[in-house]
Amino acid sequence: MKAKALVLEKQRELSLRDIDLPDQLGPNDVRIRIHTVGICGSDVHYYTHGRIGPFVVREPMVLGHEASGVITEVGSHVSHLKVGERVCMEPGIPDPTSRAAKLGVYNVDPGVRFWATPPVHGCLTPEVIHPAAFTFALPDSVSFAEGAMIEPFAIGMQAVVKARMQPGDVCVVTGAGPIGLMVALAALAGGASEVLVSDLVEEKLAIAGRYAGITPVNVSRESLRAAVDRRCGEDWGADVVFEASGSPRVYDDVLACTRPAGAIVLVGMPVEPVTFDIVSAQAKELRIETVFRYANVYDRAIDLIAAGKVDLKPLISETFDFDESITAFERAASARPHDVKLQITLDA
Ligand SMILES: [Zn+2]
């Protein structure tokens with residue numbers, strides 16, 4: 001089937017054009033008319049750099065993986081979704097018979113096929129076919145725009161699940177980018193009494209600071225350690241520190257700001273290998289967790305938004321029409337400090 005899509009031809013070259021896409025609806029699949037797609041840092045990185053680690057754009061690829069839409073057709077074995085239902089989609093499709101999937105950690109299935117990770121096409125096109133098992137109904141109270149925010153929020157959810165938080169935990173999130181904010185909001189929903197969010201960019205911290213329970217820390221003016229000491233007591237530390245900046249310079253702070261026997265959760269992805277002081281971590285018996293995408297959190301993420309416990313709406317900075325997709329990507333690549341999430345609507 002030929003369909004119009006936002007295609008990354010190669011590094012730094014986007015076009016909105018017709019491209020051949022799969023059209024085979026399997027018995028366990030649904031067909032979805034896409035409504036809203038968020039632009040993710042990874043989409044922008046493929047556009048500007050042509051690769052992320054081992055994933056290299058070698059042939060034209062449709063971008064986009066943060067999507068919501070409406071079901072237009074269901075496969076013969078699908079019973080939990082129906083035509084007309086509003087949905088959002090988990091963009092990673094594992095092999096359900098893989099060893100990782102059988103362990104419940106399908107996000108680290110080496111065979112997973114993830115939208116807009118080369119060579120798999122993404123969802124910035126009017127219609128997609130997707131497994132019903134990775135398609136989730138949206139309650140009426142959750143908008144399409146919020147539905148398309150479930151994907152990045154799921155990373156925050158995964159980080160909090162991996163942290164094994166306790167009620168009342170004091171948390172730190174290093175990095176106030178979109179993922180840092182998602183982690184902070186998930187930590188509050190997961191029982192944190194307070195989340196200190198650190199960054200160098202005042203505009204980003206101002207957005208974070210609008211949420212009750214988040215304390216912004218501008219590390220160009222005050223050390224993170226001083227802010228944590230003020231909250232947690234001299235030379236103690238936060239219960240959980242989430243690293244969400246990907247900055248290679250942040251790890252000494254992360255180690256210094258975690259309390260003895262506390263947890264570090266590594267969410268940000270540094271581009272190059274980094275130095276990490278293992279003995280400092282050992283001396284406090286820190287637990288170190290890592291996050292790669294997410295597994296089994298989408299339904300909980302939707303429930304938290306539907307319940308009003310998490311409000312992602314203030315993080316949607318601007319919405320573009322499908323025809324303006326390239327403009328939207330250029331805007332995202334320019335990384336304006338006030339922009340958190342840019343979205344594209346296909347079905348306005
Ligand atoms: Zn994303």
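What follows is a short exchange on how some terms are applied to this predicted model.

Modeller: The model is predicted, so local features need pLDDT of at least 70 and side-chain atom pairs count only at pLDDT 80 or more, while totals for chains, interfaces and linings use all residues. Residues are numbered from 1 along each chain as its sequence is written, and side-chain values use heavy atoms, with hydrogens and water left out.

Colleague: Why are helix 1 and helix 11 called roughly perpendicular?

Modeller: The axes of helix 1 (residues 41-49) and helix 11 (residues 325-333) cross at roughly 90°. Angles of 65 to 115 degrees count as roughly perpendicular, therefore the term applies to this pair.

Colleague: Which residues make the contact between helix 1 and helix 11?

Modeller: Asp 43, Val 44, Tyr 47 and Thr 48 of helix 1 meet Phe 329, Glu 330, Ala 332 and Ala 333 of helix 11; contact means heavy atoms within 4.5 Å.

Colleague: What makes strand 13 and strand 14 a pair?

Modeller: Two strands pair if DSSP finds at least two bridges between them. Strand 13 (residues 170-174) and strand 14 (residues 194-199) have five bridges, in the parallel sense. In one of them, Val 173 is partnered by Val 197 of strand 14.

Colleague: How do you know that the buried residues of helix 6 line one face?

Modeller: In helix 6 (residues 202-209), Leu 205, Ile 207 and Ala 208 are buried, meaning under 20% relative accessible area with a 1.4 Å probe, protein chains only. Viewed down the helix 6 axis, these buried residues fall within an arc of 155°, so they line one face. They pack against helix 5 (178-189), strand 14 and strand 15.

Note on methods:
Helices (H or I, at least four residues) and strands (E, at least two) are DSSP runs, numbered from the N terminus. Buried means under 20% relative accessible area, exposed over 50%, partly exposed in between (1.4 Å probe, protein chains only). The arc is that of the directions from the helix axis to the C-beta atoms. Axes are lines fitted to C-alpha atoms, for helices over the stretch in contact, and angles run from 0 to 180 degrees between N-to-C directions. Angles under 35 degrees count as roughly parallel, over 145 as roughly antiparallel, 65 to 115 as roughly perpendicular and the rest as oblique.
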